[in-house]
Amino acid sequence: MTSAATPADIDTISAPARESLPRRSAAAATSVLVLPGVLWLAVFFLVPIGIMAVISLGAVDPSGHITLANPGLGNYAHALDPDFIPALLRSIYYALATTILSIGIGYPVAYWISRYGGRHKVLLLILVMLPFWTSYLIRTYAWMVILRDNGVLNGFLLDTGLINEPIPILNTDVSVILGMTYGFLPYAILPLFVSIDRLDFSMVQAARDLYASGRGAFRHVTLPLTMPGIVAAGLLTFIPALGDFVTPSVLGGAQTTTIAKLVQNIFAAGRDWPYGSAFGFLLMGVTLIGTLLALRSLRREVIGAGV
Amino acid sequence: MSERNLPGLSFNEALDQKLAQANWSRREFLGRVAAFGAAAALTQLLIACGQAGGSPSAAAPTPTPQGTTTAEATAPPAPTPVPTPEDKLFVYNWDAYIGEDTVAKFQDKYNIEVTYDNFPDEATQIGKLQSDGKGGGYDVSYPASTWVPSFIQDGLVQKIDHSLIPNLKNLNALWQNPDYDPGNAYSVPNFWWTTGYAWDPRDIPGDLTSWAELWDPSRKNKMSMLDDLRECFAAGAFRLNLSPNTTDLGELDQILALLEQQKPLLRFYTATDQITDMVNQVVEMAHCWSGDWVQMTYDKPRFKYVIPSEGSIKGNDVMIITAGAEHPIAAHLWIDFNLDPEISAASTNYIGYMGPNDAALPLIDDYIKTDPRLNPPQEVLNELIELKYLAPADLAQYTDRWNKLQA
């Protein structure tokens, strides 16, 4: 029992050994591991996108079938009609509001779970994900019951005498943003939790030792170090929120049409797949540009945070 | 027709007999399905039935001894199918648009497992049926009659074998030969409706008659319109004394302008929630179909409905068997079952839509039958207009304006 290696010994031995691993075989191992994911993306993401791209150049012939006889960009020009801008701006507004609210609500929750969850952390995270066990559509319909003029919320406000007659909440901007925030909140909490949980709190401690106020330490240490999580949470909320169709159509009304509804109208009521595809591509372009801009403006902070 | 091949037997008796025969060889039948495919197995069964009944079906292909060689003969367009225990059926219909226990009764009677799927709006339905050009995996669906000509042209539907649907005789004479499908060759009429609006007389006293009520600014936020571009444009067209089937761009712009005046007053456009939202008093007036109103009155008997005086839409839907139906025989059985007087009347009594089924009339509740809003006299029906199928280029003009309206 004299030659038992201490953990420190193992470290000193394995570190150079790791260095000396042939790079090529490491790369090969990585590609094998990545292959299923790449294949999945290629088959179920790139191929449909490619089909969409081709279709978007076509048209619908008089019998209602898609034809590529005279390919062109006419569908894109058609989709750029300024009459549709109100719906686009409204979609961006909903998505931004949802993102800000989700991060605003999600950050303290994630922080609390990470710092004070203790041995209940896993349970608390499961609770965050618990809503996923029920269909999103059903949960959205449940909000209808709550928000209706004669629903739970208005009933409560009337009973307590806070209001004299029901306030219309359902089918307004408020109900749409509320529903979307509710739906996307878990997508914000999880990445925020990961980045906060990874944060080395001795850094915060150090800041405090160097006479930073609690607020100062948060602003100059915690926040920058968890910025990658905030960016991830923002993207995971903003992108699906921008294209969300279910929430606005269930909780929205005549004045809350989003761009996704217009696309749906073109595909379904209009049965014009080429035009709908072009419309979808433009929306994708807007999302991509928005994402790149967001990443660019945040890159300095993210890189500064050591990612 | 092969119905005549079964003298002295009603269709149902004959069918029960055949099913009994089929049950006798059910295991064999299923084995054949697995081994040779349905076509070959059907042929086998057909031969068996022919021998047992002593009178081979006239319309059937000449039975040959080897099942395998007749497989090509039974390829689509399918020759006369013989009632067989296909054990599954896929039906695609509106929600709440059939008798409460029709599906259960059918399953009990024929021992066929029915997958009964619903769609939220017509656009989704048509999209799904057209997705693979032959019915999207469903055997039977219920499109509006206006779709039938284009479905026939596209080969999306298959011919109905009238010999398998003896209950067709129950149809009113007016429905035996509809314009959209002469002789009901590819479709069987299901129910018909009118379009109008329903309101709560507690909020809105008096008798309303005009489409203009849906433009009344005093009811801002208390009205809904159907999320159906054709119906909304039709409502506008009637107000302007235009045809609801217009394709004139100037007229469409006029209608759009009128609908744009209305939009700020509306709580929402919906094709699924008009009933619950009226019943829950989210809105006090709703653009809806006649049967929607009947279903509202189950909760709120005071609600009223009118077919507006400027004119309105009448329509009917049909049962079709898709070209890609994998269970064409079960599909025929389903259609026949739905034309049964008792089943048809039970559906009408439950959903409030009148059907074309004369034999069902005595069994239909009086309050539906005698209500001129649900069962308008013929002279009123004659005034109502059917929405016509629009060519893609014309539909695109509607869709574009509809999107501009909603944006």
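Reply: Helices (H or I, at least four residues) and strands (E, at least two) are taken as DSSP runs and numbered from the N terminus. With that convention, the residue to start from is A:Asp83, which sits in the loop between α3 (74-79) and α4 of chain A. Residues are numbered from 1 along each chain as its sequence is written, while chains are lettered from A and ligands numbered from 1 in the order in which they are written. The model is predicted, so local features need pLDDT of at least 70 and side-chain atom pairs count only at pLDDT 80 or more, whereas totals for chains, interfaces and linings use all residues.

Burial is counted with C-beta atoms placed from the backbone: 20 or more others within 10 Å make a residue buried, 12 or fewer make it exposed, and anything in between is partly exposed. A:Asp83 counts as exposed because 12 other C-beta atoms lie within 10 Å of its own. Two residues are in contact if their C-beta atoms, again placed from the backbone, lie within 7 Å. Setting aside neighbours within four places in sequence, A:Asp83 is in contact with B:Lys404 and B:Ala407. From A:Asp83 to A:Thr160, 77 residues along the chain, the C-alpha separation is 44 Å.

For residue classes, Ala, Val, Leu, Ile, Met, Phe, Trp, Tyr, Cys and Pro count as nonpolar, Asp, Glu, Lys and Arg as charged, and the others, Gly among them, as polar.

The crossing of α4(A) past α11(A) is right-handed, a label given when the near helix is turned clockwise from the far one, left-handed being anticlockwise by less than a right angle. Residues of α4(A) in this contact include A:Ser91, A:Tyr94 and A:Gly106, and those of α11(A) include A:Ile230, A:Phe238 and A:Leu242. The two sides have nine nonpolar, seven polar and no charged residues. Past α4(A), the loop that runs to α5 (121-129) of chain A holds A:His120. A:His120 is exposed because it has 12 C-beta neighbours inside 10 Å.

Chain A has 14 helices and two strands, and of its 307 residues 31% count as buried. Chain B has 15 helices and nine strands, and 47% of its 407 residues count as buried. An automatic or database domain assignment supplies the domain bounds, dividing chain B into domain 1 (2-70), domain 2 (88-192 + 315-383) and domain 3 (194-312 + 389-406). The C-alpha centres of domain 2 and domain 3 of chain B are 25 Å apart. Between these domains, 15 residues of domain 2 of chain B are in contact with 14 residues of domain 3 of chain B.

A nonpolar core is a set of buried Ala, Val, Leu, Ile, Met, Phe, Trp, Tyr and Cys residues joined through C-beta atoms within 7 Å. The largest has 143 residues, and those with the most contacts inside it are A:Leu192, B:Val140, B:Ala198, B:Ala331 and B:Trp334. Helix α8 (residues 173-198) of chain A contributes the largest share, twelve residues. At least three residues come from each of domain 2 and domain 3 of chain B. Beyond its neighbours within four places in sequence, B:Ala331 is in contact with B:Leu89, B:Asp139, B:Val140, B:Ile321 and B:Ala325.
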